[in-house]
Amino acid sequence: MKKNNLKRLTWLFAAAMCLSSYAQQQEIIPQNTIKVEAGDTDDVIIRKAAHVVPTDNQLAALRNEFIAFVHFGPNTFTRLEWGTGKEDPKIFDLKTLDTDQWCQAMKAAGMKMVVFTAKHHDGFVLWQSRYTKHGIMSTGYKNGKGDVMKELSASCRKYGLKLGVYLSPADLYQIESPDGLYGNLSPYTLRTIPREVPGRPFAVKTKFQFELDDYNEYFLNQLFELLTEYGPIDEVWFDGAHPKTKGGQKYNYKAWREMIRTLVPNATIFGREDVRWCGNEAGNTRTSEWNVITPYTENPAEMVEFMDLHGDLGGREVLLSREKPFYLHYQPAETNTSIRAGWFYRDDTRQQTRSADDVFDIYERAVGGNSIFLLNIPPNREGRFSDADVEVLEETGRRIQETYGHNLLDGADGPKEVLDKDENTFVLLDGEGPKELVFSVPQPITFNRIVIQEAIATHSERVEKHAVDAWVNGQWKEVARSTNIGHKRILRFPDVTSSKIRIRILESRMNPAICEVSAHYYQQRPPMLSVGRNAEGLVTIAPKKDGFSWLYWADKKENESMQDTIDYQIHYTTDGAEPDEASPLYTVPFALENGEVKAVSFLHGRKGSVSRERLGFVKKDWKVLDVSGETTEHPASAAIDEQADTYWVSGGQESPYVFALDLGMEKELAGFAYTPQKKDAKGLIAAGRLEMSADGKTWKKVEDFTFGNLVNDPTKRYHYFKKAVKARYVRLVATEVTSGADFATMAELDIF
């Protein structure tokens, strides 16, 4: 009997294995979301990942490639990054507005859509809402009848730009007002959206009924206005940042989603299941940005809360190490940053603007790295884009057109499906031999860019590693190598001249489908520059290391066989003047005590972008007088060593945290700069005060300071005093730090 049972169990096990094997070989239907079951093998997981595809909306968002953000509101006039919600609406003292000028500049840059901050965290609305008086209707602009959203919508239609809307879930006005709706603990009851307002009927008669509290009703009423009266709307942007919350307020995202899907079915939703944040606001990109991602333990289409996602979300190691079950989901990233230091306009003198070199570099890394590039351009207090910003946008657009407007493989011999400029045709690399594509042209071409696209709409993202070769001196020479491709991969490398190009797929998930290949030439500009100084006060100027420009020049330096020579020159000033070829030539490090260095490189008579760095007093004679503790690994001295990768960590305690210095002698002080550490988001100094002393014992406050948005944008921050002061002893007192930490951190403190 036992023997028969054993045979039966053996047969059942074998049958189960056969069924499992059969099931694993069944055709997987391409879908936007595919569940990975607890029993799925590694092979099944990879096959499922190879069948996760974008929705039509997501595909349209990826094809937008380069889009604009516009931050505008009370912060434009208060010069703050985050408002308080307590601002008098009249602080928004707008006299003129030129949204046509915005759209002209964005169009010139090659952008296809603009996302507008209709309501930022302060709760101030920039359209004629029926449901609040905290907005443009309570300002002097057009006697309270102005509507920025309406003017922008008309300009977008005029210039052929798509329009997206940013509606902040956070609302400090509704938090801070005595009768505010945010977190007021109101009961959830059945409510009709939109709520009718006498004399202000809606043309769209669609109605919704949801179980809502007061704030969700308020939010949905305003969302209804924006989606029905200013469209068409192509993206709805939900920010995850919350400067402050109240009353345990929850969001009824299911209702939000239903309204959006009903009223604007072609729109993508940012910050939820459609499009995700890249994880930083500095324009940083990853070597591999997978849009087939793994972090969801429930179906994203049914979720109501979405956390910010960071790091590698879809590489093979992540796919196979993720605890099962989970959901594979297609969700492209937006690489967002600002053309200026900060999201809102402050001034044209101290607020630095990115150069065209920098913006074009981010464009190539973001768009050419399987993501969407979202660049913020903040209007000034005259309601226009600053001339400096427009110049950068126009130059970026020229470079994009000059570089990518012509395919050097036009007329080449090779697979016609990838040369026909049609993403719907493709070559499926499914043979037994090497997975490669070869192209030849009648005459040699000089190129330094290769663009490759996968047929993601039907075959997902499958390439994991690939390389590009050129036929040089009678043999194949590898000129570039990278990881995934997805919607688009731009490979950048020094100039190469050849009549034959080969693309090799080195690793992939199943058989990849390539739909587009093109070759391009970018006219190399003079290198971007970086200005630094050591503890002894010696200033160095060199090609910037975080852009492709540096890689190009580094390669030229190491490759003596290249035709061009390194003949760029660097000129600089320290008196505030714009540098030109008549300015001092940089050859060796030079000493500078407390001043601004402006530097620019020249190549064959062509001028590069100007780099600026405000340097404070030399620190070699400074002494740490007093601190709120320190650690062995992160001592107080690390904050004054002129090295941004070392930092001070105070002892664990409640705020305030102090950092006092003896500058060695009395100096006239105009302000200070705080450089946050970038290892994590904990303990960054968000607010405090700077104090001075004549004896190092009795302290007097100079000014309070605030640094907003440090967690998402941990860049060097400056605070300029309203009036210069004289002091030998200074003390920074941190009263607020980020992430609820019980310690403060500082990578560098500069006094100027």
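Good morning, colleagues. The model is predicted, so local features are drawn from residues with a pLDDT of at least 70, side-chain atom pairs count only at pLDDT 80 or more, and totals for chains, interfaces and linings use all residues. Residues are numbered from 1 along each chain as its sequence is written, and side-chain values use heavy atoms, with hydrogens and water left out.

I begin with confidence. pLDDT is the predictor's confidence in each residue, from 0 to 100. The protein chain averages 93, and 94% of the residues score at least 70. Over residues 1-24 the pLDDT is below 50, and this stretch has three contacts beyond near neighbours in sequence, a contact meaning heavy atoms within 4.5 Å. Residues 558-565 also stay under 50, with six contacts beyond four places in sequence.

I turn to the second largest pocket. A pocket is an open set of points on a 1 Å grid over the protein atoms alone, with protein on both sides within 12 Å along at least five of seven lines; lining residues have an atom within 4 Å of a point. Its volume, the space filled by probe spheres set on the points, which are joined across faces, edges and corners, is about 650 Å³. Of the 28 lining residues, Glu-65, Tyr-404, Gln-453, Lys-488 and His-520 are the closest to the centre. Two or more residues each come from α3, α5, α12 (387-404), β15 (436-454) and β19 (513-520). Helices (H or I, at least four residues) and strands (E, at least two) are DSSP runs, numbered from the N terminus.

In α3, residues 56-64, the buried residues include Asn-57, Leu-59 and Leu-62; buried means under 20% relative accessible area, with a 1.4 Å probe and protein chains only. Glu-65 follows α3 and has a positive phi, near 65°.

In α5, residues 99-109, we find Gln-101. Why does Gln-101 count as buried? Because its relative accessibility is 8%. A polar atom of its side chain lies 2.8 Å from the backbone nitrogen of Phe-385. Leaving aside neighbours within four places in sequence, Gln-101 is in contact with Arg-384, Phe-385 and Val-390.

Finally, the cavities, sets of points where a 1.4 Å probe fits but cannot get out. Two have 30 Å³ or more. Thank you.

How values were computed:
Buried means under 20% relative accessible area, exposed over 50%, partly exposed in between (1.4 Å probe, protein chains only). A polar contact is a pair of N or O atoms within 3.5 Å; within protein, one must be able to donate a hydrogen and the other to accept it, and residues adjacent in sequence count only if both atoms are side-chain atoms.
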